[in-house]
Structures are given as C-alpha cells and as structure tokens.
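Here is a short briefing on one protein model.

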Amino acid sequence: MKEKTAINITQEYQHPGLYDCEYGNFTEDFDIFSNYSNSGGVLDLACGTGRLTIELAKRGLECVGIDKSASMLSMAQAKSKALGFDIFYLQEDIRKFQLEQKFDLITMAGNSFQALLNESDQRSCLACVSWHLKRCG
C-alpha cells in the first residue's frame with residue numbers, strides 16, 4: 001500500500017493552486033464581510049489568492065490585499081487582472097505592516113488568525129489593524 005504524503009500547513013500557502021482547489025469555492029463568508037461597508041477602502045489581511053479581496057472589489061469597494069507569500073500574491077494579481085480589477089497587492093507580514101493609509105474596513109478571512117501562534121504575534125497584528133482602521137465619527 002502506498003503511503004500518503006501529508007503537506008505541512010505552511011507548505012499549503014506556498015502552493016496557490018492547491019490552496020485555490022481547497023478554498024477557492026468557499027463563499028459563505030462573503031456576506032459577513034461585505035455587509036459591513038458598501039463604499040470606501042478595504043484592507044484584506046492574509047489575502048492569499050484574492051478569494052475575498054476580489055469579491056469585495058466586485059461589490060464596488062477599493063481593495064488592498066496583503067500576504068506574506070509571494071506566490072499567493074502572484075496568483076491573486078493574475079486573477080484580479082483577468083477579471084478587470086485594479087487591486088493593489090503587497091507582500092507584507094500581518095504582524096508588522098505599516099501602510100500610509102487608513103481603511104474603512106479591514107478583513108481577515110478563513111483560518112489566517114490561527115497562523116499567529118503566540119500572544120505577542122496576535123497583539124502585534126491587532127495593533128497594526130487598530131492603527132490602519134478609520135475611526136467612526
């Protein structure tokens with residue numbers, strides 16, 4: 001009997017095609033995120049291949065996506081361009097990103113927060129989110 005080879009969870013994020021096969025058709029979270037804002041700028045953290053970022057752009061939002069993986073961003077950019085969306089993608093670490101912009105909505109879909117394995121990383125990410133989020137009123 002042939003042994004199955006398991007892919008380490010971090011390896012999955014280096015293979016955008018594999019990632020899209022597994023998560024590309026998941027849409028149950030679209031309405032959750034898009035119902036928070038119908039206009040303005042959105043920052044999608046750990047955007048991967050653009051699954052949520054592209055959907056938010058389809059709904060008329062100005063999107064920026066950041067991800068640590070260059071291969072994921074490359075696929076996200078290709079998919080966005082093929083669909084006619086001008087989405088700005090950046091290779092950044094969600095624990096320590098510093099952009100020159102504030103956003104109306106910041107999203108992080110799927111299991112991305114689970115990749116922050118300790119409290120220090122989680123706090124760093126949330127501090128970045130806090131700084132980049134526009135204040136109401």
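S80 counts as buried because its relative accessibility is 0%; buried means under 20% relative accessible area, exposed over 50%, and partly exposed in between, with a 1.4 Å probe and protein chains only. S80 is found in helix α5. Leaving aside neighbours within four places in sequence, S80 is in contact with I54, F85, I87 and Y89, where contact means heavy atoms within 4.5 Å.

**Ground rules**
- The model is predicted: local features need pLDDT of at least 70, side-chain atom pairs count only at pLDDT 80 or more, and totals for chains, interfaces and linings use all residues.
- Residues are numbered from 1 along each chain as its sequence is written, and side-chain values use heavy atoms, with hydrogens and water left out.

**Overall fold**
- The chain has 6 helices and 4 strands.
- Helices (H or I, at least four residues) and strands (E, at least two) are DSSP runs, numbered from the N terminus.
- Along the sequence the pattern reads α-α-α-β-α-β-α-β-β-α.
- Of the 137 residues of the chain, 39% count as buried.
- Take the contacts between residues at least 6 apart in sequence: 65% of them join residues at least 24 apart.

**The sheet**
- An open sheet is formed by 4 strands in the order β3-β2-β1-β4, and the pairing is parallel.
- β3 (88–91) and β4 stand at the edges with a single partner strand each, so one side of each has no neighbour in the sheet.
- From one strand to the next, the twist averages 20 degrees.
- Two strands pair if DSSP finds at least two bridges between them.
- Strands of a sheet pair through backbone hydrogen bonds, either parallel or antiparallel.

**Strand pairs**
- β1 (residues 41–45) is joined to β2 (residues 62–67) by 5 bridges, and the two run parallel.
- In that pairing, G41 stands opposite E62 in β2.
- β1 is also joined to β4 (residues 105–107), by 3 bridges, again in parallel.
- Here V42 stands opposite L105 in β4.
- Between β2 and β3 there are 4 bridges, and these strands run parallel.
- I66 stands opposite L90 in β3.

**Cover on β1**
- Strand β1 is mostly covered, with 5 of its 5 residues buried.
- Both faces are covered: G41, L43 and L45 are buried on one side, V42 and D44 on the other.

**Helices on the sheet**
- β1, helix α4 (residues 51–58) and β2 make a right-handed β-α-β unit.
- A crossover is right-handed if, with the strands pointing away from the viewer, the path from the first strand over the helix to the second runs clockwise.
- α4 lies across β1, β2, β3 and β4, and runs at about 175 degrees to β2.
- Helix α5 (residues 70–82) packs on the sheet, where it touches β2 and β3, and its direction makes about 175 degrees with that of β3.
- Axes are lines fitted to C-alpha atoms, for helices over the stretch in contact, and angles run from 0 to 180 degrees between N-to-C directions.
- α4 is largely enclosed by the rest of the structure, because 7 of its 8 residues are buried.
- The buried residues of α4 are R51, L52, T53, I54, E55, L56 and A57.

**L90 in β3**
- L90 is found in strand β3.
- L90 and I66 are 24 residues apart in sequence, yet 4.8 Å apart in space, C-alpha to C-alpha.
- Not counting residues up to four places away in sequence, L90 touches G65, I66, D67, L73 and L99.

**Loops and backbone angles**
- A46 is found in the loop between β1 and α4.
- Phi of A46 is near 50 degrees, a positive value in a residue other than glycine.
- A46 is partly exposed, with a relative accessible area of 21%.
- G84 is placed in the loop between α5 and β3.
- G84 counts as exposed because its relative accessibility is 64%.
- The C-alpha atoms of G84 and K58 are separated by 9.8 Å, and these residues are 26 apart along the chain.

**Rings and charge**
- The charged end of K102 sits over the ring of W131, 4.1 Å from its centre.
- A charge sits over a ring if NZ of Lys or CZ of Arg is within 6 Å of the ring centre and within 35 degrees of the ring normal.
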